[in-house]
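Q: I am new to this structure. Please take a close look at one part of it with me.

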Amino acid sequence: MFCNQCEQTAKGTGCTTIGVCGKQPEVSALQDLTIYALRGLSLVALAAREKGIIDAKIDEYTAKALFTTLTNVNFDPARFDVYVREIVAHRKALAARAGVDFSEGPAAFEPASTLDGLVAQAEIGSVTAGAEDADIRSLKQILLYGMKGVAAYVDHAAILGQTDAAVFGFLHKGLAAGYDGVARDLGAWIELAMECGRANLRAMELLDAGNTTTYGHPVPTQVPLGHRKGKCILVSGHDLKDLFELLKQTEGKGIDIYTHGEMLPTHAYPELKKFPHFYGHFGTAWQNQHKEFPAFPGAILFTTNCIQKPQASYAANVFTTGLVGWPGLVHCENHDFTPVINKALELPGFTDDVPGKTVTVGFGRNTVMSVAPAVIDAVKSGAIRHFFLVGGCDGAKPGRNYYTEFVEKTPADTVVLTLACGKFRFFDKDLGTIGGIPRLLDVGQCNDAYSAIKIASALAEAFNCGVNDLPLSLVLSWYEQKAVAILLTLLAIGIKDIRLGPSLPAFVTPNVLKFLVDNFNIKPISTADEDLKAILG
Ligand code: FSO
Ligand code: SF4
């Protein structure tokens with residue numbers, strides 16, 4: 001196996017025997033083959049588009065199959081066996097409908113009849129397959145990983161009825177690239193990566209529309225970090241619809257619903273917070289599940305990434321749904337959470353009331369813009385000197401304390417916007433307020449990066465300047481491929497001077513890094529003190 005798609009990749013270069021995430025070589029191979037098969041489907045989908053045929057179901061399926069190869073989503077070989085065969089079946093059906101025929105390459109790929117046979121075929125789909133220029137390979141990987149992030153947002157948005165054929169068109173174009181007969185030099189691959197960033201902006205806009213039209217705009221909401229007596233279910237991942245359906249199915253059953261990790265910001269949505277049994281937040285970020293889940297006395301549901309190998313002490317309590325998979329766990333289909341509910345009723349639940357601290361969530365674009373005049377006045381009067389966006393993924397590797405220290409050391413006349421699971425490094429710190437405006441504003445999940453971009457754009461408009469001219473600095477942390485997509489979006493819309501950590505991606509070559517530094521002044525994080533000094537002068 002060879003996989004280097006995430007930040008915790010072995011030795012900072014690539015996982016070659018088993019994934020640091022727990023991915024087995026067999027699953028790694030099957031994921032590579034899934035991508036290869038998708039490339040074939042996309043070649044056919046592009047040819048069909050030229051004939052005016054767009055199949056919305058196949059488009060949505062493409063995004064699902066790509067999302068399922070993202071880090072910490074699906075570890076179940078049996079599910080990939082199904083994906084590879086379904087992708088090929090879709091390709092053949094679409095090719096027949098469009099009257100197109102490919103005699104070689106991924107669009108002519110025939111899957112082996114057994115799982116072992118598929119694994120043996122997988123080398124053709126490896127990112128290391130074929131001899132090519134290291135910089136081109138680097139850009140191809142940036143594009144592929146960025147597209148996985150786009151696929152995640154597209155899938156979440158499609159579940160809520162928001163789609164755009166142009167974004168699917170881009171996914172097909174990007175997946176077909178390298179096999180479509182178009183000769184591309186470095187510049188052309190860079191342009192495709194930027195196109196990926198623009199497609200991702202649209203995907204995130206669709207998701208924002210899906211979330212806010214279905215569940216309302218987030219409003220500032222206090223969330224208890226403690227617990228109360230009673231049966232309980234813990235929900236992890238990012239999917240709002242899964243949570244909504246679970247809340248409906250548990251109504252009146254005496255079960256409280258708690259969030260873990262990236263589900264924390266969901267407490268702020270009016271249509272979700274209206275359920276009285278949607279109680280609080282338990283634990284911190286995804287990489288702490290091994291430490292935190294043994295202490296949860298109820299059932300646990302994973303709706304999307306990031307799942308880790310369930311430990312024996314709590315594995316029987318863990319359920320998956322949607323695209324998440326772990327071999328041996330019960331998988332809930334079609335939003336039927338009966339097995340999760342039955343498990344929660346069987347388990348003891350919390351036996352006492354421990355309210356604990358609270359944190360405030362709900363500073364999405366609507367809330368922040370509603371106080372824009374006060375924010376603008378505070379900047380003009382000098383009460384707010386600078387904004388920081390400290391966001392991105394959390395992770396297990398050392399070096400991430402930087403983000404805690406950075407936020408702790410931000411001066412009292414600065415405001416910190418945050419999003420994604422990286423916030424758990426500092427989410428419960430009391431940074432106080434400036435003229436009634438909290439100094440720490442939780443914009444939401446990584447899936448809400450669109451909201452942060454809208455806030456920055458609105459500020460730039462109010463001050464009649466560009467986003468790069470605002471007193472705003474981006475200090476980002478990355479782990480998986482949604483972060484790659486967001487980074488490409490920020491670059492595509494011209495954001496400069498981003499600080500990125502805790503380490504730079506293994507799939508970026510020195511030449512590609514030089515291009516990013518020369519054109520976008522992107523830089524690695526150093527120390528909290530040095531970076532704060534450099535930013536604030
Ligand atoms: Fe974190 Fe995992 Fe949300 Fe990522 S839970 S690491 S950016 O999947 O998606 O922020
Ligand atoms: Fe390694 Fe990350 Fe790939 Fe898992 S997803 S195999 S940890 S590079």
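Which backbone atom lies 3.3 Å from an oxygen atom of ligand 1, and in which residue?

A: A note before the details: this is a predicted model. The backbone atom you ask about is an N or O atom of C421, and it lies 3.3 Å from an oxygen atom of ligand 1.

Two side chains also come into the picture. In H238, a side-chain N or O atom is 2.8 Å from an oxygen atom of ligand 1. In E480, a polar side-chain atom lies 2.4 Å from an oxygen atom of ligand 1.

Now take the whole shell. The residues around ligand 1 are H238, E262, W286, N305, C306, C393, A420, C421, C446, Y479, E480 and K482. Sort them by class. Seven are nonpolar, two are polar and three are charged.

Where does the ligand sit? Domain 2 spans 222-346 and domain 3 spans 367-536. Both domains give residues to the shell, so ligand 1 lies between them.

Elsewhere in the chain, two helices pack against each other. Helix α5 covers residues 134-159, and helix α7 covers residues 186-215. Their axes are 9 Å apart, at an angle of about 10°. The two helices are therefore roughly parallel to each other. Their crossing is left-handed. In the contact of α5 with α7, 19 residues are nonpolar, four are polar and two are charged.

Key
Residues numbered from 1 in each chain as written. Chains lettered and ligands numbered in written order. Predicted model: local features only at pLDDT ≥ 70, side-chain atom pairs only at ≥ 80, totals over all residues. Heavy atoms only, no water. Near = heavy atom within 4 Å. Polar contact = N/O pair within 3.5 Å; in protein donor to acceptor, adjacent residues only side chain to side chain. Nonpolar A, V, L, I, M, F, W, Y, C, P; charged D, E, K, R; others polar. Domains from an automatic or database assignment. Axes fitted to C-alpha atoms, helices over the stretch in contact; angles between N-to-C directions. Helix = DSSP H or I, 4+ residues; strand = E, 2+ residues; numbered from the N terminus. Parallel < 35°, antiparallel > 145°, perpendicular 65-115°, else oblique. Left-handed = near helix turned anticlockwise from the far one by under 90°.
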